[in-house]
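Hi,

Here is the structure I promised to pass on. Have a look first, then read my notes below.

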Amino acid sequence: MLVLQEINIIKYNKNMLDIEDFRKKLDIKSRLMGIDTGAKRIGIAISDENKIVATPYTTIVKNKYSDFVKDLKKIVEDNQIKGIVIGNPLNMDGTTSQSSQSAKDLAINLSKDITENIILWDERLSSQAAFNLSSDLRSNTNQKVKKLDENSAQFILQGVLDYLSKKNT
């Protein structure tokens, strides 16, 4: 089961939202964005307005942070995004990793530059699951790798959507 990590970042004096605070800030009909951060590429997925299905959207190649924020703002505006889910790459034992700290830093920065409605979601094995899923779709390896980041973002976002839908039933 994916586990949400509530993170208190004293260094920045910034408390990240937990899933319940995140939920309270969402409209009944609103879209969410999932982000899978990588060293060079950032996968983006978006949900439908009923928050049932996550769909791979695009992959952004990392250059300058300002360009990245500009790209994200356009996606947020074009798709009426009301919340952002960032994959939190924890170690398999649940401890934080260097990549996890990078995800936290990104969440803090995006909460200043785009929206405060951001959560971190445990993404352990999301890349592997996305790759395995694409194996079942008869894609060639180049296509799998090309779409891996946005498929991973979809997997992360779908985890949050599933959690939110279970809490609503």
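A crossover counts as right-handed if, with the strands pointing away from the viewer, the path from the first strand over the helix to the second runs clockwise. That is the case here: β6, helix α3 (residues 98–113) and β7 make a right-handed β-α-β unit. Bear in mind that this is a predicted model.

The sheet comes next. It is open, with 5 strands in the order β5-β4-β3-β6-β7 and mixed pairing. β5 (54–61) and β7 stand at the edges with a single partner strand each, so one side of each has no neighbour in the sheet. On average, neighbouring strands are turned by 25° against each other, direction ignored.

Two helices pack on this sheet. Helix α2 (residues 65–79) touches β3 (31–37), β4 (41–47), β5 and β6, and its direction makes about 155° with that of β5. α3 touches β3, β6 and β7; its direction makes about 165° with that of β6.

Now the β6-β7 pair. Strand β6 (residues 81–88) runs parallel to β7, and 5 bridges join them. Ile86 stands opposite Leu120 in β7. Asn88 stands opposite Asp122.

How covered is β7? Mostly: 5 of its 5 residues are buried. Ile118, Leu120 and Asp122 point one way, Ile119 and Trp121 the other. In a regular strand the side chains alternate between the two faces of the sheet.

Ile119 has a relative accessible area of 0%, so it counts as buried, the cut-off being under 20%. Ile119 and Asp18 are 101 residues apart in sequence, yet 6.6 Å apart in space, C-alpha to C-alpha.

Best wishes

Notes
Residues are numbered from 1 along each chain as its sequence is written. This is a predicted model: local features need pLDDT of at least 70, side-chain atom pairs count only at pLDDT 80 or more; totals for chains, interfaces and linings use all residues. Side-chain values use heavy atoms; hydrogens and water are left out. Buried means under 20% relative accessible area, exposed over 50%, partly exposed in between (1.4 Å probe, protein chains only). Helices (H or I, at least four residues) and strands (E, at least two) are DSSP runs, numbered from the N terminus. Two strands pair if DSSP finds at least two bridges between them. Axes are lines fitted to C-alpha atoms, for helices over the stretch in contact, and angles run from 0 to 180 degrees between N-to-C directions. Contact means heavy atoms within 4.5 Å.
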